[in-house]
Amino acid sequence: MGVQDTSTKDYLSDADIFADAVNYYLYGGEKVVKPNSLKPLNSDLLLHVFGHDDEAKRRKGKDKEVERYRDVVRQWNVMEDDTCAYAIFGIEAQTKTHYGMPICSNLYDALQYALQAEALRALHRSEGEKESSEEFLSGMHRTDRLVPVITLCIHFGPEPWDGALSLRELIDLPDERLSPFIQDYKVLLIEPSRMSDEDFQRFSTSLGDVLRFMKAAPDKRKLKELLNGNEAYQKLDRKAARVIRDCANVKIDIERKKVVNVCKGWEDAIEDARQEEREAAQERERKLCKGWEDAIEDARQEEREAAQEREKNSIISNSIEVYREMILPEMDIRQRIMQKYALTEQEADSYMMSQSA
């Protein structure tokens with residue numbers, strides 16, 4: 001699990017934040033779901049597909065397991081007309097677009113419903129109730145009812161969500177006449193880039209501030225305007241600051257602090273970036289100067305080698321001229337310069353021909 005997953009799940013595990021997200025999406029910000037009415041549920045969804053209770057049967061491969069891990073899931077208990085009503089809420093945190101999110105959300109909810117059905121089956125069997133063949137087959141009675149399951153997805157990434165928001169968008173229909181019969185499943189997405197100022201004001205916790213920061217993060221000018229004199233970001237709670245640090249990649253000093261000044265951290269990050277750019281520019285200048293120095297030294301070395309070559313040619317040419325004045329045979333002169341100046345036959349012939357010209 002990456003640091004982004006860890007910080008967002010830890011943040012959403014707070015009952016106040018979880019309830020705030022649910023109230024924003026389902027009730028327009030009205031505080032219907034109270035934090036103290038939320039009961040943590042196991043986020044591991046493990047289902048034996050064919051419903052066998054016998055461990056021996058499972059070992060023999062007559063049952064298959066489907067296992068998924070939800071980010072955060074809570075059961076909502078609320079009294080209505082002296083009756084306790086329930087609902088199950090799940091929140092999935094994403095820092096990048098998940099192109100298969102309609103499938104994931106559908107599967108999470110389906111598994112949650114299937115687990116409820118399995119619990120009803122187990123309850124009826126444990127109470128030794130007399131069951132009809134239909135009840136025995138399904139494990140449910142005609143009067144049984146399930147608790148509603150609702151899954152939200154919160155996009156904490158600074159970039160816009162560009163994936164499908166319904167199962168139908170992922171399906172390539174070979175025949176449009178099939179369309180009315182394809183079941184759809186929609187993603188209930190909370191995405192900062194599509195939210196207005198009015199939307200952010202519907203939150204009652206730091207979640208609205210975190211999402212507002214994410215919307216502004218890609219545009220440094222807008223981010224500066226948001227943070228300028230904004231007290232909310234000068235005293236942000238530690239968990240919220242961690243989400244901003246990890247998901248927006250902002251350097252913020254968080255350790256051992258209950259509240260964090262994100263504005264100061266952002267200013268420090270800007271200054272660090274400027275310092276890094278200054279150092280990078282100095283390094284580029286140093287490399288450029290070093291490159292010119294190396295080029296100049298290479299040119300000087302080439303000139304020295306050329307001068308040495310010219311001097312060598314002059315000495316060999318003078319020697320050939322002297323030997324010829326001594327009226328030595330050409331073959332003898334050739335042999336002498338080869339030995340004296342360590343020349344190959346081709347090099348010696350070249351000098352002899354050049355001197356003759």
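## Met214 and its helix

Met214 is found in helix α7; helices here (H or I, at least four residues) and strands (E, at least two) are DSSP runs, numbered from the N terminus. The model is a predicted one, in which local features need pLDDT of at least 70 and side-chain atom pairs count only at pLDDT 80 or more, while totals for chains, interfaces and linings use all residues. Residues are numbered from 1 along each chain as its sequence is written, and side-chain values use heavy atoms, with hydrogens and water left out.

With a relative accessible area of 0%, Met214 is buried. Buried means under 20% relative accessible area, exposed over 50%, and partly exposed in between, for a 1.4 Å probe and protein chains only. Contact means heavy atoms within 4.5 Å. Apart from neighbours within four places in sequence, Met214 is in contact with Phe156, Gly157, Pro158, Pro192, Val243, Ile244, Cys247 and Ala248. Met214 and Cys247 are 33 residues apart along the chain, and their C-alpha atoms are separated by 8.1 Å. Cys247 is also buried, with a relative accessible area of 8%.

## The chain as a whole

The protein chain has 12 helices and nine strands. Of its 357 residues, 35% are buried. Among contacts in the chain with a separation of 6 or more, 58% are between residues 24 or more positions apart.

Phe156 is placed in the loop between β6 (149–155) and β7 (188–190). Its relative accessibility is 0%, so Phe156 counts as buried. From Phe156 to Met214 there are 58 residues in sequence and 6.7 Å in space, C-alpha to C-alpha.

Leaving aside neighbours within four places in sequence, the contacts of Phe156 include Thr8, Tyr11, Leu12, Ala93, Gln94 and Thr95. Also among them are Leu207, Val210, Leu211 and Met214, together with Val243 and Cys247.

Seven of the 10 residues of α7 are buried, and the helix is mostly covered. The buried residues are Leu207, Gly208, Val210, Leu211, Phe213, Met214 and Ala216. An α-helix has 3.6 residues a turn, so residues three or four places apart point the same way.

Helix α8 (residues 220–227) packs with α7 at an angle of about 150°, and the two axes are 8 Å apart. Axes are lines fitted to C-alpha atoms, for helices over the stretch in contact, and angles run from 0 to 180 degrees between N-to-C directions. Angles under 35 degrees count as roughly parallel, over 145 as roughly antiparallel, 65 to 115 as roughly perpendicular and the rest as oblique. The pair α7 and α8 is therefore roughly antiparallel. On the α7 side the contact is made by Arg212, Phe213 and Ala216, and on the α8 side by Lys222, Leu223, Leu226 and Leu227.

## Aromatic rings and charges

Rings of Phe, Tyr and Trp (its six-membered ring) pair if their centres lie within 6.5 Å; planes under 30 degrees apart count as stacked, over 60 as edge-to-face and the rest as tilted. The count comes to three aromatic pairs. In one of them, Tyr24 and Phe203 have ring centres 4.3 Å apart and planes at 20°, so this pair is stacked. The pair links distant parts of the chain, 179 residues apart: Tyr24 is in helix α2 (residues 15–27), and Phe203 is in the loop between α6 (197–200) and α7 (207–216). Tyr24 is buried at 11% relative accessibility, and Phe203 is buried at 9%.

A charge sits over a ring if NZ of Lys or CZ of Arg is within 6 Å of the ring centre and within 35 degrees of the ring normal. The charged end of Arg74 sits over the ring of Phe18, 5.8 Å from the ring centre. Arg336 lies over the face of Tyr323, at 5.4 Å from the ring centre.

## Cysteines

A disulfide is a pair of cysteine sulfur atoms within 2.5 Å, and by this rule there are zero disulfides. Cys104 is in no disulfide; its nearest cysteine sulfur, that of Cys153, is 9.3 Å away.

Ala348 lies in helix α12 (residues 345–356) and counts as buried at 0% relative accessibility. Apart from neighbours within four places in sequence, Ala348 is in contact with Arg334, Ile337, Met338 and Leu343.

Ile327 lies in the loop between α10 (262–325) and α11 (330–341), and Ala342 in the loop between α11 and α12. Phi is positive in each residue, near 55° for Ile327 and about 55° for Ala342, and neither is a glycine. Ile327 is exposed, with a relative accessible area of 74%, and Ala342 is exposed, with 65%.
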